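I opened this entry to keep track of what I looked up and in what order. The notes follow the structure shown here.

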Amino acid sequence: MYGDKGLVAAVEKLRYSWKMDRTPSAISSFLLRRLGASDAEAFRELRLEGLRNHPEAFGSSWGEESEQPLAWFRERLEQNIVLAGSVDNLHLLGVAALGIQQALKLRHKGVLWSMYVRPEVRGSGPSRSLG
């Protein structure tokens, strides 16, 4: 199984595409990159859109998070790995957020705590790359 060159190539491509640095990677026709504190406003806008339009898909509520200051969203971006897809590197199309455990024996584990893709781009590639 591990000797299959096609599988190895696919894993290498996936590993390259999901670099955990802040360098945008071209995937399909959009950019996939890790968000940082400077992206807090765009992240807040997209997160609140998802909470407002699909409350059944989230553990949090729009009412609760809409009252949070921008600094709260900035902190979430700094403490988690949040990947986003965009076309112009400004307008976010979708996000996927991964929280990494802090305990020494659990640091190899993560929890996907959020994923949202704007309706107008669903089925066109971003959600497959984010998830």
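What percentage of the 131 residues of the protein count as buried? I get 36%, with buried meaning under 20% relative accessible area, exposed over 50% and partly exposed in between (1.4 Å probe, protein chains only).

Ground rules. The model is predicted, so I note that local features need pLDDT of at least 70 and side-chain atom pairs count only at pLDDT 80 or more, while totals for chains, interfaces and linings use all residues. Residues are numbered from 1 along each chain as its sequence is written, and side-chain values use heavy atoms, with hydrogens and water left out.

Overall layout. I find five helices and five strands, taken as DSSP runs (H or I, at least four residues, for helices; E, at least two, for strands) numbered from the N terminus. Along the sequence the pattern reads α-β-β-α-α-α-β-β-β-α. Among contacts (heavy atoms within 4.5 Å) with a separation of 6 or more, 51% come from residues 24 or more positions apart. The exposed surface comes to about 8,100 Å², and carbon and sulfur atoms supply 56% of it; the areas are from the Shrake-Rupley method with a 1.4 Å probe, and for residues only the protein chains shown count as cover.

Core. I looked next at the largest nonpolar core, which has 15 residues. A nonpolar core here is a set of buried Ala, Val, Leu, Ile, Met, Phe, Trp, Tyr and Cys residues joined through side-chain atoms within 4.5 Å. Leu35, Phe43, Leu77, Val82, Leu92 and Val95 touch the most other members. Two or more residues each come from helix 2 (40–53), helix 4 (70–79), strand 3 (81–86) and strand 4 (92–100). Helix 2 gives the most, with five residues. I also listed the contacts of Leu92, leaving out residues up to four places away in sequence: Leu35, Ala42, Phe43, Leu46, Ala84, Gly85, Ser86 and Arg118.

Helix 4. Which residues of helix 4 are buried? They are Phe73, Arg76 and Leu77. Seen down the helix axis they fall within an arc of 100 degrees, so they line one face of helix 4; the arc is that of the directions from the helix axis to the C-beta atoms. These buried residues pack against helix 2, helix 3 (62–66), strand 3 and strand 5 (110–117). On the face turned away from the buried side I find the exposed residues Glu78 and Gln79.

Aromatics. A search of the whole structure gives two aromatic pairs. Rings of Phe, Tyr and Trp (its six-membered ring) pair if their centres lie within 6.5 Å, with planes under 30 degrees apart counted as stacked, over 60 as edge-to-face and the rest as tilted. The rings of Phe43 and Phe73 have centres 6.2 Å apart and planes at 70 degrees, so I log the pair as edge-to-face. Phe43 lies in helix 2 and Phe73 in helix 4, so the pair ties together parts 30 residues apart in sequence. Trp72 and Phe73 are also edge-to-face, at 4.9 Å centre to centre and 85 degrees between the planes. Phe73 is buried at 0% relative accessible area, whereas Trp72 is partly exposed at 27%. Phe43, Trp72 and Phe73 form one aromatic cluster.

Asp39. This residue sits in the loop between strand 2 (30–34) and helix 2. At 12% relative accessibility, Asp39 counts as buried. A polar atom of the Asp39 side chain lies 2.8 Å from the backbone nitrogen of Gly36. Not counting residues up to four places away in sequence, Asp39 touches Arg33 and Leu77.

Terms used: A polar contact is a pair of N or O atoms within 3.5 Å; within protein, one must be able to donate a hydrogen and the other to accept it, and residues adjacent in sequence count only if both atoms are side-chain atoms.
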